[in-house]
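Keep the structure open while you read, and try to find each pair as it comes up.

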Amino acid sequence: MLSHKLPLVLLLGWAAAVSSAPSNSTESSDDVCSNLWSRQECGFLGITKEGCIQRQCCWAPSMAPVPWCFQKKNEDYVCSADVVSRRDCGYLGIGAQECHDRNCCWDPKQNNLNAPYCFLRQHSCKGYGVSSATTTANGVQVQLDLNGGSQGCARFGEDIPRLKVIVDFETKSRVRVRILDRERSRYEIPASALPNPQDTAKVIGKLDYDFKYTENPFTFSVIRRSTGEAVFQTKVPGKDSLVYENEYLEISTALPDDANIYGLGEVVSGFRRDTRGTRQTMWARDAATPVDENVYGSHPFYLEMRNGTAHGVFLRNSNGMDVIISPAKLTYKVIGGIFDFTVFLGPSPADVINQYTELIGRPHMPPAWAMGFHQCRYGYTNIDQVETVVNTYQKEDLPLDGVWIDIDYMDKYKDFTFDELRFPESRVKKLAENLAATNRSMVLIVDPGIPVEPGYGPYDSGMAQDVFIKNKAGKPFEGRVWPGQTYFPDFFDSNGTWSWWEQHLRETRDKIGPNVFPWIDMNEPSNFCNGECTSGQQTQGQPQTPSKQEAIVNSKYSINNAGRQAPLSEKTVSEDAVLKNGLSMYDTHNLYGHMEARATHQALTNLLPNTRPFILSRSTFPGTGSSAAHWTGDNWSEWNHLYFSIPGILSFGLFGIPFTGSDICGFIGNTTEELCLRWHQLGALYPFARNHNTLGANPQEAYLWPTTVLPAARQALRIRYSLLPYYYTLFDRASRVGTPLWQPLFFQYSNDPLTLKIDHQFLLGDSVMVSPALYKGQIQVKAYFPGNGRWFNLWTHECIIEHDSHGGHTSDDRSHRYKFLSAKADGEPIPMSIAGGHIIPIQAPQNTVADTRAQPVSLVIALDESGNARGEVYVDDGRSLVNSDSARVNFEMLGGEKLVSSVSMNQDAKAAAAGQSFQSRVGHSSEIEKITILGLNFARAGGESGAKTVFKASTHSWKSKVSECHEERTRTGVHRDCGQRVLVDQATNKVGSFLTLNVNGKDVAVGGKGRTGKDDVLGYAWAVDETLGSLTLTGLKMDLFTEWFVQWKLD
């Protein structure tokens, strides 16, 4: 036993962060199955040894008239009231009487976890006790021994008797806790799959957390120091403290009632996970987006909000698992590997994602063209159709940057080939050249399955270079996908297979052109067979429901694959397939698509050094965002899938893959005119925006509805392209600190509890809120405006809601923060609102990203209640991995009367010396053409709270002494507190005439008082809208890449 004095020793090192709590407990006798005449029945007549072991019982055949299957000594076998712990004892359709005859428990009450009605009696597990503990340079190590003797718990096999816990205080806000077999190595995620945590481990200053544990049974907690609250606590009433078996690991953490949990995927569901009962299975699966089931990717990460602060938990494990959320707890049930937890202390949601992506790899910075709009479909019958689509986009004045071709282009669906009748290589090359001439790109699908066809180049070279996954017999594993019988590349071989993959990607680039990029699909990996199948076998369908006997003798834990505990090999490579590194697909299945993305990313960077790749991957894992974009898979042309796209994209923002989108108008089925219109309005704002649908469905390009969808899509895409400088800046930030482009409202308004359940609105960056129409026939949106600040219509510039004078975010009555926004399908854009205190850059939209970047920049400035605002724009060449030329421009507005620009630049010294302008080197306009300031009547108070205003009739203006003002920098800007002001009446507080203008210290003649005017010499013009309280300055021709200021006064 660990000495009770150990915490005093730990005080010398990590005392403030680590402590233990002793517990009085004695080990049970190891001889728990030795009784003969006192045996208590644990089975039923005819039970098998396997069925007995499944019940955690003793098995000992005897000639004596005693049960062969009997309970262990000193164990209470009970019917667990906790549905999370239930183990199936029956089969679909079993009744109460037969259940009781099997000596099992019966509870037919419905539950959200689809737990069985007939379930086994179980005894509790005694867990592990601490035998010793030592401090390390950056944490503590704890040795554990199994309680209960050699029989242990035996939930789904033999317990591992001796464990080791390694706790590493990796950073000030990040702690890692690993639980390993003390005597044998177990599977862990290969080093080639994820960055080494030690690369970013660095403790500076005081830790934000404490680590504590109890000795017997061993439990641990991670505690936020600032509040004393345990954010991860494995001592959970009614749950086993720790189960650690060869193919089954279980641990739970306590949650508050009705906890706010987000993440854990991939799944089609609402954004906030249902704490009444959620069973999230993680096993990559090719499935057409069923609701609440496991699909393409696996992400064992969640973010939790508690009392305005955030923390995150990542389980670094690629094995299949169920993560179950139920009232007051979250339980991990994992079928292999180790427990390797990292807890992130935030405290803001953005801080958590920064800390998480620092660990798993930052999101990649996409090439600029990929931020534009993309068109695709499965079912373009020939190259003529694709060319017609491209030409029609141009004819109808629709922006387009990416032209995609699905497997239709291939010769018999074989990778790296072209159907010379329908998609001749020469014609595809010509189209790519035409696209390149207008700075656009082509994307071609590539699947991992390589057809078994001697004489086919990739097959021959793959066999020669030994790149394919093997079966147990050591031969290439054979499955079946689109081209027929296929082998699957072993992307875990980062030498041979990656080189082979690069070779064939190079061939396509050489044939078609450098502006051709890969879309890697079917990489769960998908298989039309359930496991291995040869050419003579029929493609297998869904497995039959197990027989009564089979249903009760499965001694291994079955994750809830496909929502029905489907076999792991269903529609994929068998779990016993073997990789070149000796690992099995049982352990690495969830990593397959991730490793293909990594191999593809390296190949493209080798083919065009220092050029940003573009890759779209269906299957993902933590860290995939550093290599590839993602789409949410085969969604449906249905209204609920329009909604599901929002929580899907928000979740992938948490997962470190912000460059995500959903198929616009839906992939499966026939869209409708209204649905496709609404989907273009929302989808145009997706981080990754693509229209795509399936073979046999009606075409859904926007121009097919010339009087409805076409004008709405044109308007929506112009909105997206006008916001490209804002998007580009957001992508840059994501690549540096992980902040998602799309954010849930609580990211910026974490103290506003109403934001925690909203997933039909979202933030685009920090500044803009989107409130889409998501239902058939909808003409207005009931939108919630979070926080207590001002919000403006981004396009009409009207103030939607004023500042709350009470200043709190947590008032019980928040009804005044709901507003109805008009959202008529006929001509009105998607409702978008800009928060006071923010500045966003825009450009005049053109039909390509490159042409839009060449347009002058304008600024939209929304003032907060103090007349302040901040914003930034980031510019580089849009294509280089490492930029010699870049500029970060910050804008700051103070007091509603002065706008200041500051610039931080990197420049290519050689290019600058050669006389090349920075503007030409980055391919971006350097001109600021227009500035629009909203909310200049910021002095009015009372706002939506109805507070009394003070009206001074003689001046019709507000006054305050500058000396009384205090400035405070916050994330949203510089806020000024000027004490009590003399305020104008809300009804008469209008912006007056334009009085003076000063640019960089030089006064500009404004021609006397007025609401509009122009300086004919300099070209400056101004317009004051007294009703909106706005000022527009045009003709400024300020240099974006130099520092400047503009100051003015209004009457």
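Let's start with Cys 89 and Cys 104, which form a disulfide with their sulfur atoms 1.7 Å apart. Cys 89 sits in the loop between strand 3 and helix 3 (96-101), while Cys 104 is in the loop between helix 3 and strand 4 (105-106), so this pair ties together parts that are 15 residues apart in sequence. Keep in mind that this is a predicted model.

**Burial of that pair**
- Cys 89 and Cys 104 are both buried.

**Cys 99 and Cys 118**
- Another disulfide joins Cys 99 to Cys 118, and here the sulfur atoms are 2.2 Å apart.
- Cys 99 belongs to helix 3 and Cys 118 to strand 5 (residues 118-119), so the link ties together parts that are 19 residues apart in sequence.
- Its torsion about the S-S bond is about 95°, so the disulfide of Cys 99 and Cys 118 is right-handed.
- Both Cys 99 and Cys 118 are buried.

**Cys 52 and Cys 69**
- These two cysteines, Cys 52 and Cys 69, form a disulfide too, with sulfur atoms 2.3 Å apart.
- Cys 52 is in helix 2 (residues 49-54) and Cys 69 is in strand 3 (residues 69-70), so the pair ties together parts that are 17 residues apart in sequence.
- The link of Cys 52 and Cys 69 is right-handed, with 95° about the S-S bond.
- Cys 52 is buried at 0% relative accessibility, and Cys 69 is buried at 1%.

**The wider picture**
- The count of disulfides comes to nine.
- Buried or partly exposed: which is Cys 799? At 30% relative accessibility, Cys 799 is partly exposed, whereas Cys 376, at 0%, is buried.

Methods
Residues numbered from 1 in each chain as written. Predicted model: local features only at pLDDT ≥ 70, side-chain atom pairs only at ≥ 80, totals over all residues. Heavy atoms only, no water. Disulfide = S-S within 2.5 Å. Helix = DSSP H or I, 4+ residues; strand = E, 2+ residues; numbered from the N terminus. Buried < 20%, exposed > 50% of the residue type's maximum accessible area, 1.4 Å probe, protein only.
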